[in-house]
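Take a walk through this chain, from its overall form down to single residues. Keep the sequence and the 3D view side by side.

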Amino acid sequence: MAKVAIITGAGRGIGAATAILAAQHGYDVCVNYASNAEAAERTAGTCAAHGVKAAAKRADVALPDEVAALFEFCDAELGPPALLVNNAGVIGGATTVENLSDAVLQRTFAVNVEGAFYCAREAIKRMSTAHGGSGGVIVNISSIAATLGSPGEYVHYAASKAAVDAMTIGLSKEVGPLGIRVNAIQAGTVDTDIHRTEGNPDRPAMVANSAPLGRAGLAQDIAEAVLWLASGKSSYTTGSIVRIAGGL
Ligand code: NAP
């Protein structure tokens, strides 16, 4: 029987690349998205073309009831997940802290931090060997912003990703004995829609000039690391924060 992966925010960008690579590795894939159903159905279709089962499901990860419904949908359509990728994330736009709105601050933490917790909670209920599960893997998509701080642009986003890193370390220790590994990837600038939708379309090109490896990241660069962390090849790796940022 195929293993099942739930990947949040998998309609586009890093999540979509990860979903498609997971399908290529033989996972049945639950493609979560927030609003762009067309993109999510396209990702699910590409996954299915690799001979696995795939299903798209809308759920705002910031809302615990919708996260519970996402996991129930996955149980019914594909089976309980062996892999959760907490990928859905927002920046909220560039701003100084002085000018940061309550709404942007609260939404950034609701999606990036609370969403990761809600999804992890549902995943643990299904993966934990203490509940008869077979164990599993959680991969959190963090950012190098967590260590750089992103002054003058998005300190709020950087702080949310630092929270994800702290959650990764604590949770890995809590659930390691339950058969669950938890790791994070601190991604550098990756060429996805996020820069266009957040008002900084030139960021990947600018980073290409400053990164020691001379280019922005590709979604595939991150997806490859996620699938390594999901695999038995990383069976002794947990609580790790893997930086994939072209040397930055
Ligand atoms: P993206 O291209 O903007 O795609 C974001 C995806 O997340 C979309 O599928 C979107 O759904 C979904 N999403 C957003 N809010 C959601 C919510 N509340 N509930 C469920 N899904 C939601 O972003 P990306 O660049 O691939 O980023 C993916 C992750 O990598 C994020 O956590 C981001 O912080 C992190 N990251 C990105 C970079 C980078 O340079 N790109 C660098 C470091 C870390 P819809 O398609 O329905 O809108």
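Start in a loop. Ser150 sits between helix 5 (145-148) and helix 6 (155-175). Its backbone deserves a look: phi of Ser150 is near 50 degrees, a positive value in a residue other than glycine. Ser150 counts as buried, because its relative accessible area is 10%, and the cut-off for buried is under 20%.

Now step back to the whole chain. This is a predicted model. The chain has nine helices and seven strands. How does its radius of gyration fit a compact globule? A compact globule of 248 residues would have a radius of gyration near 18 Å, and the chain has 17 Å, so the two agree. Along the principal axes, the C-alpha atoms fill a box of roughly 50 × 35 × 35 Å.

Of the 248 residues, 52% count as buried. The accessible surface of the chain comes to about 10900 Å². Carbon and sulfur atoms hold 54% of that surface. As for charge, there are 18 positive and 22 negative side chains. The centres of these two sets lie 6 Å apart.

Is Leu171 buried or exposed? Leu171 is buried, because its relative accessible area is 11%. Which residues does Leu171 touch, beyond its neighbours within four places in sequence? The contacts are Ala120, Ile124, Ile138, Gly176 and Val182. Leu171 and Val182 are 11 residues apart in sequence, and their C-alpha atoms are 6.9 Å apart in space.

What lies against Glu122? Leaving out residues up to four places away in sequence, Glu122 touches Val67, Ala68 and Phe71.

Turn to the cysteines. How many disulfides does the structure hold? The count is zero. A disulfide needs the two sulfur atoms within 2.5 Å. Cys47 is in no disulfide either. For Cys47, the nearest cysteine sulfur is that of Cys30, 10 Å away. Both residues are hidden from the probe. Cys30 counts as buried because its relative accessibility is 0%, and Cys47 is buried with a relative accessible area of 0%.

Where does Thr237 lie? Thr237 is in the loop between helix 9 (219-230) and strand 7 (241-244). Although placed in a loop, Thr237 is buried, with a relative accessible area of 17%. Its contacts, not counting residues up to four places away in sequence, are Arg181, Asn183, Trp228 and Leu229.

Definitions and conventions:
Residues numbered from 1 in each chain as written. Predicted model: local features only at pLDDT ≥ 70, side-chain atom pairs only at ≥ 80, totals over all residues. Heavy atoms only, no water. Helix = DSSP H or I, 4+ residues; strand = E, 2+ residues; numbered from the N terminus. Rg over C-alpha atoms; globule rule 2.2 N^0.38 Å. Buried < 20%, exposed > 50% of the residue type's maximum accessible area, 1.4 Å probe, protein only. Areas by Shrake-Rupley, 256 points an atom, 1.4 Å probe, with all protein chains shown as cover. Lys, Arg positive; Asp, Glu negative; His and termini not counted. Charge placed at Lys NZ, Arg CZ, Asp CG, Glu CD. Contact = heavy atoms within 4.5 Å.
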